[in-house]
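Please look over the two-chain model shown here before reading the report.

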Protein chains: 2
Amino acid sequence: MPKPEKHVFICGQNRGPGHPRGSCAQSGAGTVWDEFAMAFQQRNLNGRFALTNTGCLGPCNGPHVLVYPEGVMYGNVSAADVATIIDEHLLSDTPVEKLQVPPFIW
Amino acid sequence: MPKPEKHVFICGQNRGPGHPRGSCAQSGAGTVWDEFAMAFQQRNLNGRFALTNTGCLGPCNGPHVLVYPEGVMYGNVSAADVATIIDEHLLSDTPVEKLQVPPFIW
């Protein structure tokens with residue numbers, strides 16, 4: 001693919017159930033991934049934006065979604081938030097303030 | 001960690017030996033990861049730069065290293081190239097031209 005306009009990284013780190021630090025996979029990152037992948041396909045966005053799964057991104061208030069080139073880190077993302085991130089951030093270049101982690105985390 | 005100055009993503013996709021498409025893990029991504037991780041630790045760079053492993057980044061001329069916020073994609077990276085990427089791109093803000101994949105790939 002050509003260089004994407006924006007690149008969405010989704011943490012898929014899995015520490016298993018009950019781990020004291022938690023992990024994005026145990027917080028529902030899989031459903032967030034599925035929602036992005038399905039939306040990209042249904043809305044024909046795969047040519048413009050890239051979607052990549054990652055290991056640990058650092059903070060563990062997941063599911064975490066990180067969007068570059070802005071370097072905006074979202075936390076506690078649910079499948080219901082995905083359309084908002086796509087509509088406001090990816091397509092309208094306006095990061096979603098209410099979903100961003102606080103500055104001391106990122 | 002605070003938001004890093006630059007974020008280094010290393011593809012760790014593994015399709016097993018002999019796969020027709022190849023994969024970064026089979027091309028030596030593990031040694032590239034180790035070299036970055038060791039250099040970040042030895043040179044005390046973990047506070048400024050982030051290092052994250054990923055699934056498939058798209059092209060498969062690996063090992064692939066992708067650096068944001070510039071969105072520069074390196075291909076066929078070897079452990080010997082890591083110091084160059086750190087010195088020139090991360091620390092001096094000058095992406096390493098000769099290691100970048102061609103525009104039709106990224």
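Predicted model: local features only at pLDDT ≥ 70, side-chain atom pairs only at ≥ 80, totals over all residues.

Residues are numbered from 1 along each chain as its sequence is written, chains are lettered from A and ligands numbered from 1 in the order in which they are written, and side-chain values use heavy atoms, with hydrogens and water left out.

**The interface**

In chain A, 19 residues are in contact with 19 residues of chain B, contact meaning heavy atoms within 4.5 Å. Together the chains bury about 1,600 Å², of which 62% is on carbon and sulfur atoms; buried area is the accessible area (1.4 Å probe) that two parts lose on being put together, summed over both. A:Lys3, A:Tyr68 and A:Trp106 supply 34% of the area that chain A buries against chain B, more than any other three residues. Between chain A and chain B there are zero salt bridges, a salt bridge being a side-chain nitrogen of Lys or Arg within 4 Å of a carboxyl oxygen of Asp or Glu.

A:Thr54 lies in strand 2 of chain A, strands being DSSP runs of E with at least two residues and helices runs of H or I with at least four, numbered from the N terminus. At 6% relative accessibility A:Thr54 is buried, where buried means under 20% relative accessible area, exposed over 50% and partly exposed in between (1.4 Å probe, protein chains only). Leaving aside neighbours within four places in sequence, the contacts of A:Thr54 include A:Phe9, A:Ile10, B:Asn53 and B:Thr54.

**Helix 2 of chain A**

The buried residues of helix 2 (residues 82-90) are A:Val82, A:Ile85, A:Ile86, A:His89 and A:Leu90. Seen down the helix axis, these residues fall within an arc of 110°, so they line one face of the helix; the arc is that of the directions from the helix axis to the C-beta atoms.

**Salt bridges**

| Pair | N to O distance |
|---|---|
| A:Arg48 and A:Glu5 | 2.8 Å |
| A:Glu70 and A:Lys6 | 2.4 Å |
| B:Lys6 and B:Glu70 | 2.4 Å |

B:Lys6 lies in strand 1 of chain B and B:Glu70 in the loop between strand 3 and strand 4 of chain B, so the pair ties together parts that are 64 residues apart in sequence. B:Lys6 is buried at 7% relative accessibility, whereas B:Glu70 is partly exposed at 24%.
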